[in-house]
Amino acid sequence: MEYFVNTGIWGEIFAVPNSVVDNYIKLANEAAVKVLLYVLRNNGKNLSVPEISSALNISSPGVEEAFIFWENANVLNRQQSVAADVSDIKAPEPIQSRKTESKQIQEVRKNNEIKGTEYSLSPSEISERIEKSEEIKCLFTLTESSFGRPLTHTEHRSLIWMHDYLGLPTDVILMLITYCLSIEKGNISYIEKVACAWAEQGINTLESAQSEVKKLEESRSYNNSIMRIFCMNRKPTPKQQQFINIWKEKSFSLELIEYAYEKTIESIDKLSFPYINTILENWNAGGLVSREMVDNSDTRKRKEPSLANDPDLIDYKSLVNNFGD
């Protein structure tokens, strides 16, 4: 199939710099291309972000992201919010040498507050990295496939930051992204936080990443099971999460936790993590690891002071009723 230009629409035209197509079109996402064309079409006008957002049906953050991309490419001028005159557009400066780039990375490492979204890389530098590094090219391609859309300039910078600054290999970054998407937290800020945590913990191989993801998924599953048992419709508070972490570390079964929850509701008629924990710790101290063992123990002690009559637990029950969980 061949395509031809419809010359009937060429009554009015505007120019697009050659460098846009030659150097940046493969890096620019759909929103960036739309914003550029709209600004070039309205060259000479002061355009606001809300105006562009409304005209193109693109979110304001998306318009801001597009401006950042084209500013770094020396195509748009944010001060005036209009396109630079084509004759004034300067060719992008060549990418820094690998020696200079390495020095820059060393400087960035000195400042732990630098985030991927603040990592200074122009579109031309990113384009150069893609051309010279099959690993970076593969990272971008597979991440786009995972996201199901082109990457933004901010995401490009962030991925290179994870690779260069944090020192995470491509396969580790991709596994991290896959995990974040699986828990519906695919925004780049959250991915960066997880990447920082992994780098600090020395999770920098595929094997260690797989192990960490397995641990995170097990913890998430355990949390979800606890929330279902307790009929919780919100995430646990930090204090509640501490109790859940203790129960998981001590391998308390979900069956036993559910039974402790039932005992708590029968006793104080409300959810109390500290109260449930007291019951579980008492059972654990007595070597009771199942509902059946608890019931058998209660039967044997029918004529003895039961757990419900334990003076310490009675005092604790009173405290819980007065001050909540």
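This is a predicted model: local features need pLDDT of at least 70, side-chain atom pairs count only at pLDDT 80 or more; totals for chains, interfaces and linings use all residues.
User: How far apart in helix α12 are phenylalanine 243 and tryptophan 247?

Analyst: They're 4 residues apart in α12 (residues 238-249), so about one helical turn separates them. Helices here are DSSP runs of H or I, at least four residues, numbered from the N terminus. Residues are numbered from 1 along each chain as its sequence is written, and side-chain values use heavy atoms, without hydrogens or water.

User: And how do I read an aromatic pair?

Analyst: Look at ring centres and planes: Phe, Tyr and Trp rings (the six-membered one for Trp) pair if their centres lie within 6.5 Å, and the planes make them stacked (under 30 degrees), edge-to-face (over 60) or tilted (the rest). That gives 7 aromatic pairs here. Your phenylalanine 243 and tryptophan 247 make a tilted one, with 6.4 Å centre to centre and 35° between the planes. Tryptophan 247 is buried, at 0% relative accessible area; buried means under 20% relative accessible area, exposed over 50% and partly exposed in between, with a 1.4 Å probe and protein chains only.

User: Which helices hold tyrosine 259 and tryptophan 283?

Analyst: First the geometry: tyrosine 259 and tryptophan 283 also form a tilted pair, 5.8 Å centre to centre with 35° between the planes. Tyrosine 259 belongs to α13 (residues 254-268) and tryptophan 283 to α14 (residues 273-285), so this pair ties together parts that are 24 residues apart in sequence. Both tyrosine 259 and tryptophan 283 are buried. As for clusters, Phe230, Phe243, Trp247, Tyr261 and Phe273 make up one aromatic cluster.

User: What about the largest nonpolar core: how many residues does it have?

Analyst: A nonpolar core is a set of buried Ala, Val, Leu, Ile, Met, Phe, Trp, Tyr and Cys residues joined through side-chain atoms within 4.5 Å. The largest one has 53 residues, and Val35, Ile52, Trp70, Phe140, Leu159, Met162 and Trp198 have the most contacts inside it. Helix α9 (residues 170-182) gives the most to that core, with 7 residues. Another core lies apart from it, with 24 residues, including Ile244, Tyr261, Tyr275 and Ile279.

User: What does tryptophan 198 contact?

Analyst: Contact means heavy atoms within 4.5 Å. Leaving out neighbours within four places in sequence, tryptophan 198 contacts Val172, Leu176, Ile203, Ala209, Glu212, Val213 and Leu216.

User: Where does leucine 168 sit, and is it buried or exposed?

Analyst: Leucine 168 is in the loop between α8 (153-164) and α9, and leucine 168 is buried, at 1% relative accessible area. Not counting residues up to four places away in sequence, leucine 168 touches Met162, His163, Ile173, Ala195, Ala199, Ile203 and Asn204. Its C-alpha atom is 10.0 Å from that of leucine 206, 38 residues apart along the chain.

User: Which residues of α3 are buried?

Analyst: In α3 (residues 49-56), the buried ones are Val49, Ile52, Ser53 and Leu56. Exposed Pro50 and Ser54 are on the face turned away from the buried side. After α3 comes asparagine 57, with a positive phi near 60°.

Conventions: Helices (H or I, at least four residues) and strands (E, at least two) are DSSP runs, numbered from the N terminus.
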